[in-house]
Amino acid sequence: MGLRIGLNRRKSQASAEMAIFGSLLIFALGVLISYGQSLNQQHSLKMEAFRKALKKAHDTNGSVSYTILRHRRNLDIQQPFKGGRNEVNASASVMWCNGVCGPEGTKDEGNYAYYEVDGKVIKLPIIKKEVETDEGDEIDVKVPVEIYKVESESTEDYSLNFTKQESPENVTTSKQAEVKDTVITTLYGRFNWRKNSDDPDEYEYNPAWEWKIVSQYNKNKARVWQTPHQ
Amino acid sequence: MANTSSVKNKSQVVIEFILMFVALAMLILGTTRIWVFFNADFANRQPPYEQTRIAAGNPEGSPGQWLPEGYSAMYLTEDWVFKGIPEVEVERER
């Protein structure tokens with residue numbers, strides 16, 4: 001009796017250890033893979049942002065800031081069939097002026113900013129801003145508005161069909177998953193309107209812009225496997 | 001009798017160790033293959049990017065050109081992870 005209880009205890013201990021350390025190990029490996037995936041995507045996006053900024057700077061004969069924000073479905077170890085959403089962003093600035101900055105035949109000063117969210121490009125509006133020169137003169141310069149806040153809302157519809165069919169030879173298992181992921185990204189733009197009358201070091205901001213970008217991601221995944229009867 | 005019990009316990013431990021070791025080795029192998037994919041993806045992307053640098057920075061070339069024509073991105077597939085078979089062959093420069 002005593003021996004059996006001892007054995008059961010040892011087995012429970014082994015099971016408990018395996019359950020704890022096994023799940024910890026799988027979690028650690030999942031984090032490692034997830035980190036690698038983000039790193040790889042981030043690197044690729046940085047290259048892309050730089051080349052896109054280069055192109056816009058050349059086309060506009062100006063100084064361009066280009067930001068890319070992209071949502072992707074990445075690995076998620078806890079829900080491997082479904083995956084998880086990941087947000088990657090990168091930004092680059094390029095100045096490529098031939099002669100005076102700005103496109104020929106315009107009064108633009110060649111300062112531009114672009115925001116690309118999931119493939120949709122937004123050119124930020126240009127406003128006149130009063131700045132003080134080193135000599136103390138006040139002049140107007142044309143600059144793009146500033147994006148001061150980015151918000152994302154998302155909805156995810158996920159369905160999973162799991163069936164098992166038994167025949168005399170084997171058991172056929174099928175799993176079918178469908179994900180519909182919708183992300184609404186809102187960009188908030190503002191510009192510093194004027195110097196604060198109470199505190200000359202601070203600006204008053206005019207938050208006058210808002211863009212909503214809807215991105216959708218659909219994916220189906222199916223897997224069928226057979227287990228023969230022994 | 002005590003000896004038999006001790007041998008049984010040891011055998012149990014050896015079997016558990018072998019099973020866990022195989023499972024662990026498979027997990028580590030899979031993770032390594034996925035990391036090798038990230039490395040290969042980088043190797044697939046970087047040379048074409050470098051090759052287009054001059055054209056991309058030249059007004060007479062193709063300013064701001066992103067990756068060249070004929071470049072195909074790599075995708076992490078089950079064949080890669082479980083069998084080590086790539087979807088796209090990465091060219092090696094010598």
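Colleague: In what order do the elements of chain B run from the N terminus on?

Modeller: In this model, which is a predicted one, the elements of chain B follow the order α-α-α from the N terminus on, and the count for chain B is three helices and zero strands.

Colleague: What share of the residues in chain B is buried, and what does a residue need in order to be called that?

Modeller: A residue is called buried when its relative accessible area is under 20%, and buried residues make up 22% of the 94 residues in chain B. As for its surface, chain B exposes about 7,100 Å², with carbon and sulfur atoms supplying 62% of that area.

Colleague: What makes Thr60(A) count as buried?

Modeller: The cut-off is a relative accessible area under 20%, and Thr60(A) has 11% relative accessibility, so Thr60(A) counts as buried. This residue has its place in helix α1 of chain A, and, leaving aside residues up to four places away in sequence, Thr60(A) touches Gly102(A), Pro103(A), Tyr112(A) and Tyr114(A).

Colleague: How far is the backbone oxygen of Lys56(A) from a polar atom of the side chain of Thr60(A)?

Modeller: The distance between the backbone oxygen of Lys56(A) and a polar atom of the Thr60(A) side chain is 2.6 Å.

Colleague: Turning to the two chains together, how many residues does each of chain A and chain B bring to the contact?

Modeller: Chain A brings 24 residues and chain B brings 26 residues, and the area buried between chain A and chain B is about 2,200 Å², of which carbon and sulfur atoms give 66%. Of the area that chain A buries against chain B, 30% is supplied by Asn40(A), Met47(A) and Arg51(A), which is more than any other three residues supply.

Colleague: Why is the meeting of Arg223(A) and Glu78(B) called a salt bridge?

Modeller: The term requires a side-chain nitrogen of Lys or Arg within 4 Å of a carboxyl oxygen of Asp or Glu; the side chains of Arg223(A) and Glu78(B) meet with a distance of 2.4 Å from N to O, and therefore the pair qualifies as a salt bridge. The count between chain A and chain B is one salt bridge, while eight residue pairs are found in polar contact across the interface of these chains.

Colleague: Which element of chain A gives the largest share of the side that touches chain B?

Modeller: Helix α1 of chain A, residues 2–60, gives the largest share of that side, with 22 residues. The residues on the side of chain A that touches chain B divide into 13 nonpolar, six polar and five charged.

Key. Residues numbered from 1 in each chain as written. Chains lettered and ligands numbered in written order. Predicted model: local features only at pLDDT ≥ 70, side-chain atom pairs only at ≥ 80, totals over all residues. Heavy atoms only, no water. Helix = DSSP H or I, 4+ residues; strand = E, 2+ residues; numbered from the N terminus. Buried < 20%, exposed > 50% of the residue type's maximum accessible area, 1.4 Å probe, protein only. Areas by Shrake-Rupley, 256 points an atom, 1.4 Å probe, with all protein chains shown as cover. Contact = heavy atoms within 4.5 Å. Buried area = accessible area lost by both parts, 1.4 Å probe. Polar contact = N/O pair within 3.5 Å; in protein donor to acceptor, adjacent residues only side chain to side chain. Nonpolar A, V, L, I, M, F, W, Y, C, P; charged D, E, K, R; others polar.
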